Amino acid sequence: MAQNTTPLFNTFSRAPLRFERGEGVWLYTESGEKYLDFGGGVAVTSCGHSHPHLVDALKSQAEKVWHLSNLYEVPGQERLAERLTEATFADKVFFTNSGAEALECAIKTARRYHYSKGHPEKFHIITFEGAFHGRTIATIAAGGQEKYLEGFGPKAPGFDQVPFGDMEALKAAITDATAALLIEPIQGEGGIRVVEKEFLKQLRAICDEKGLLLILDEVQSGVGRTGKFFAHEWAGVTPDIMAIAKGIGGGFPFGACLATEEAASGMTAGVHGTTYGGNPLAMAVGNAVLDLVLADEFLQNVRDVALVFRQGLAALKDRFPDVIEDIRGDGLMLGIKAVKPSSELLFAMRAEHILGVPAGDNVIRLLPPLTITADEAREGLKRIEQAAEALSAKAAPSAAQA
Ligand SMILES: *Cc1c(COP(=O)(O)O)cnc(C)c1O
């Protein structure tokens, strides 16, 4: 159906691909064509498509009860929260339906913390240029990107932004009204920009010194994506509050806000809520995802395959300097910075039946399922190589003409 006659909002420019089935790292179109899914529905399909353990968990919960609301106790929530708090810095968990809502909860938790300590004026949150925290009114203000703010009325107050990685600017931006710092350990949509471990350590130290809360947005980098359960573990620091989503649901839409007991102390009965958050279906899938991700070999596999993949991509960069400018990222959260418009590389990859995800800074994100094997990574590398070759060859005749 043509773009202008679709009854859907025109907010997305979609690829003309119609997938009807997925298995592991593969997606199959209605006409039976096979694609290697290195986009993972934007870092969501952490356990691959149709993982039997997740399918079983969802089916068996579907036969019991779908929805209860938070008027009642939900055993799946208690179990998942216990497991999340046991495996992380956190003592408390609030379940949401999406990443943006997890961030909304994180922002409210930080503001409410200072309010409950008698400091209602401390509601400002400092964020970093290139950030992405979601598409709600508050989270577009937090992200601070003009392209997402334009036309939606006044920017929600209380978000101050500083340049990426600029410690001096950050220190200068802190005032008596500052409540928290909010950062993605690796900017995803911003173009796979990794925050230096040392920088994260300094953020932790500044928060401790000034009585600020450190909020991490691990919606994309979390749940095994970088080869640790959460990306901040590589830096050896912990946040006070953390937003997660994407990978924790493995394709079932849900998220969570995690916090220490102290940071969550302002979130008392009735101050926040959700109808669907922590729904039994979501909790069944989330617990099944953790069965896999927290098993011994899972994160080791991510690290092993990431090494193969990373080395292969580095070799492609050396071979095609006219196509690939840079390879960045950590674990299986990788980005190819293209020389020419990255959309050309994405199209060339699609022609080789491999999917990636566009990002800022002229980058293509590669976010395959974390269950990927080394052989599947090599198959992906082969297809990316063919795509690069096609673009490189295309450049040759015009160079010869010039
Ligand atoms: C995707 C994403 C979000 C928003 O999550 P939604 O589920 O789309 O609301 C927030 N932060 C980061 C880092 C993300 O990658």
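In this model, a nitrogen atom of the ligand is 2.7 Å from an N or O atom in the side chain of Asp-217, a polar contact being a pair of N or O atoms within 3.5 Å. The model is predicted, with local features needing pLDDT of at least 70 and side-chain atom pairs counting only at pLDDT 80 or more, while totals for chains, interfaces and linings use all residues. Residues are numbered from 1 along each chain as its sequence is written, and side-chain values use heavy atoms, leaving out hydrogens and water.

**Around the ligand**
- Residues surrounding the ligand, with a heavy atom within 4 Å of it, include Ser-98, Phe-132, His-133, Glu-184 and Asp-217.
- A backbone N or O atom of Gly-99 lies 2.8 Å from an oxygen atom of the ligand, and a polar side-chain atom of Lys-246 lies 2.6 Å from an oxygen atom of the ligand.

**Helices H3 and H9**
- Helix H3 (residues 75–87) and helix H9 (residues 280–293) pack at an angle of about 30 degrees, with their axes 9 Å apart, where axes are lines fitted to C-alpha atoms over the stretch in contact and angles run from 0 to 180 degrees between N-to-C directions.
- H3 and H9 are therefore roughly parallel to each other, a term for angles under 35 degrees.

**Helices H2 and H9**
- The axes of helix H2 (residues 52–62) and H9 come within 9 Å and cross at roughly 155 degrees.
- H2 and H9 are therefore roughly antiparallel to each other, a term for angles over 145 degrees.

Terms used:
Helix = DSSP H or I, 4+ residues; strand = E, 2+ residues; numbered from the N terminus. Parallel < 35°, antiparallel > 145°, perpendicular 65-115°, else oblique. Polar contact = N/O pair within 3.5 Å; in protein donor to acceptor, adjacent residues only side chain to side chain.
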